[in-house]
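Good morning, colleagues. Please look at the display first.

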Amino acid sequence: MGLALCHQHRWDLSPKEAANLQAQLRPLVLVEDALPAEIRAVAGVDVGFEDQGRTTRAAVAVLEFPSLRLTDQAIVRQPTRFPYVPGLLSFRELPALLEALERLNRLPELILVDGHGYAHPRRFGIACHLGVLTGIPTIGVGKTRLVGTHGDLGEERGRWIPLIDREETIGAVVRTRRGVQPVYVSVGHRLSLPTAVDWVLSCAPRYRLPETTRQAHRLASG
DNA sequence: GCGACAG
DNA sequence: ATCTTGTCGC
């Protein structure tokens, strides 16, 4: 609560004001590699809902890298105060997620977010928003597409092709596992797209979704 | 006006 | 996201 992590700006905004704030914060996103030399704590964050959506449950799972062993976790419940609006997901999920991060014993050096980063209509998805507010490198890992188009992706694990929107590469469609739907990876903050893809593949050695995301999802829902 | 639309 | 049973395939 006391950490400068939480009240970076107001959260009680109208959808219109929220979109304006995204445009204002977008220039703060860094899409070049600026990560710590050694990364030993990678976190996954996810949100689930209870009481027909009235309660938001945010979870953070910290895994040691490269063992991918769970070393720390936090779960926070808050009344839901913003509706789901495509393009404004961060205003619905970040308040609870930030409080969960503050409850960790130690902050992670990298965070994989359940949702897009730069692959967003205004190039400021939830992964970018979380990165800018915390200063921690972040990666957006989406299960489905929000914007952008792409060609055919090879079947072999590790293959990836660019996700394009308005003539610009905004992310990558990545095959983390053969025979299943690919995931959509995009830069959140403080790293490049190739680096983001590498990290996602390193964190998803066996299943479609990264272990970080799987653990966070288990805490937020399952 | 019509279709698309992260979680 | 959430509400929910069975079913197909490795």
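The surface near DNA strand C is made up of one nonpolar, three polar and one charged residue. This is a predicted model, and the residues that surround DNA strand C in it are Gly48, Phe49, Lys143, His217 and Ser221. Phe49 approaches through its backbone: one of its backbone N or O atoms lies 3.2 Å from a phosphate oxygen of DNA strand C. Lys143, by contrast, uses its side chain, with a polar atom 3.4 Å from a phosphate oxygen of DNA strand C.

I turn now to helix H1, which spans residues 15-25. Which residues of helix H1 are buried? They are Ala18, Ala19, Leu21, Gln22 and Leu25. Viewed down the axis of H1, these buried residues fall within an arc of 160°, and therefore they line one face of the helix. The general rule behind such a pattern is that an α-helix has 3.6 residues a turn, so residues three or four places apart point the same way. Lys16 and Gln24, on the other side of H1, are exposed. The cover over the buried residues of H1 includes helix H2 (89-102) and helix H3 (126-134).

Finally, the cysteines. How many disulfides does the structure hold? It holds zero. Cys128 is in no disulfide, and the nearest cysteine sulfur, that of Cys203, is 18 Å away. A disulfide requires sulfur atoms within 2.5 Å, so the sulfur of Cys203, 18 Å from that of Cys128, is too far for a bond. Cys128 is buried, with a relative accessible area of 0%, and Cys203 is likewise buried, at 0%.

Notes
Residues are numbered from 1 along each chain as its sequence is written. Chains are lettered from A and ligands numbered from 1 in the order in which they are written. This is a predicted model: local features need pLDDT of at least 70, side-chain atom pairs count only at pLDDT 80 or more; totals for chains, interfaces and linings use all residues. Side-chain values use heavy atoms; hydrogens and water are left out. Buried means under 20% relative accessible area, exposed over 50%, partly exposed in between (1.4 Å probe, protein chains only). A residue is near a molecule or strand if one of its heavy atoms lies within 4 Å of it. A polar contact is a pair of N or O atoms within 3.5 Å; within protein, one must be able to donate a hydrogen and the other to accept it, and residues adjacent in sequence count only if both atoms are side-chain atoms. Ala, Val, Leu, Ile, Met, Phe, Trp, Tyr, Cys and Pro count as nonpolar, Asp, Glu, Lys and Arg as charged, and the others, Gly among them, as polar. Helices (H or I, at least four residues) and strands (E, at least two) are DSSP runs, numbered from the N terminus. The arc is that of the directions from the helix axis to the C-beta atoms. Contact means heavy atoms within 4.5 Å.
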